[in-house]
Amino acid sequence: QLSGMAKFLQNPPIGFVAATNDLNSLDEFTLEERCRSVLKFLQNRIGSVSSDNLRSGDGKLVDASAAKSSTNALIHIFREAARLKVDFDSFESELAVLTRLGEPARAVLSKVWRAEAANLVASDAVQRALSIGALVDMSWKLGVGVGSSNCKALGAGFVSVVFKVAGADGQLAAYPLEMTLTEFQDFARQIQEMASIVETL
């Protein structure tokens, strides 16, 4: 059931304002298609939302980083609204007060929310996604194998990492893992790629 809880956009992520400006550049049809793709993504009906070949209202191809950040802004808006079970009036008024979305863009998002809110809030997939834990700490140590059933591993370096995650219920859980140096280097490379994308937001 939807409620009148507002303030679902009170703490937007970095880059949100710029992303809403990008959303304003889309024509209404393209924006609505993008909104519906985001809702399918949040319900695990599709694996990702493509940022390829997104065009603005004047027909120009939207820059890849702008397309990704505008998609992330939509994900944030609809995910937070679903998490707080925001009713239609609160959704519409908060878009007007707390974002730089123009009236045409707000009308499209409100139209989609009015049509899909009940399904999104009731979706088990969405509720599972909203229950994903938060990383609160990470510790690591470097070691050298001194005994193994695989002799090739003797003397080989490894990295032991422990992630501490707070669940939706507030309980802490530790998730240890061990990586070879090659695996750790690949992991570090992926983190650096993520960091470089975040810097573009």
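Among the elements of this predicted model, helix α6 (residues 124-130) has the lowest mean pLDDT, 54, whereas α2 has the highest, 91; pLDDT is the predictor's confidence in each residue, on a scale from 0 to 100, and helices (H or I, at least four residues) and strands (E, at least two) are DSSP runs numbered from the N terminus. The mean pLDDT of the protein is 80, and 81% of its residues reach 70 or more. Over residues 1-6 the pLDDT is below 50, and beyond near neighbours in sequence this stretch has 18 contacts in the model, a contact being heavy atoms within 4.5 Å. Because this is a predicted model, local features need pLDDT of at least 70 and side-chain atom pairs count only at pLDDT 80 or more, while totals for chains, interfaces and linings use all residues. Residues are numbered from 1 along each chain as its sequence is written, and side-chain values use heavy atoms, with hydrogens and water left out.

**Salt bridges**

- A search of the whole structure finds five salt bridges, each defined as a side-chain nitrogen of Lys or Arg within 4 Å of a carboxyl oxygen of Asp or Glu.
- In helix α2 (residues 28-42), Arg-36 and Glu-32 lie four residues apart, about one turn of the helix, and their side chains meet in a salt bridge at 3.1 Å, N to O.
- Glu-32 is buried, with a relative accessible area of 19%, whereas Arg-36 is partly exposed at 27%; buried means under 20% relative accessible area, exposed over 50%, and partly exposed in between (1.4 Å probe, protein chains only).
- Glu-32 and Arg-36 also belong to a network of salt bridges that links them with Lys-111 and Glu-116.
- Helix α3 (residues 64-83) holds both Glu-80 and Arg-83, three residues apart, about one turn of the helix, and the closest N and O atoms of their salt bridge are 2.7 Å apart.
- Of this pair, Glu-80 counts as buried at 13% relative accessibility, while Arg-83 is partly exposed at 42%.
- In helix α7 (residues 181-199), Arg-189 and Asp-186 are three residues apart, about one turn of the helix, and their side chains form a salt bridge at 2.4 Å, N to O.
- Arg-189 is partly exposed, with a relative accessible area of 38%, and Asp-186 is likewise partly exposed, at 32%.

**Helix α4 and its cover**

- The buried residues of helix α4 (residues 88-98) include Phe-88, Ser-90, Phe-91, Glu-94 and Leu-95.
- Seen down the axis of α4, these buried residues fall within an arc of 165 degrees, so they line one face of the helix; the arc is that of the directions from the helix axis to the C-beta atoms.
- What covers the buried residues of α4 includes α3 and α5 (103-122), whereas the face turned away from the buried side carries the exposed residues Asp-89 and Val-97.

**Nonpolar surface patch**

- Leu-135, Met-138, Trp-140, Leu-142 and Leu-181 make a nonpolar surface patch of about 560 Å², where patches consist of residues with over 30% relative accessible area and no salt bridge, nonpolar side chains (Val, Leu, Ile, Met, Phe, Trp, Tyr) being joined within 5 Å and like charges within 9 Å.
- Strand β1 (residues 134-144) contributes the largest share of the nonpolar patch, four residues.
- Leu-135 is found in strand β1 and is exposed, with a relative accessible area of 54%.
- Accessible areas come from the Shrake-Rupley method with a 1.4 Å probe, and for residues only the protein chains shown count as cover.
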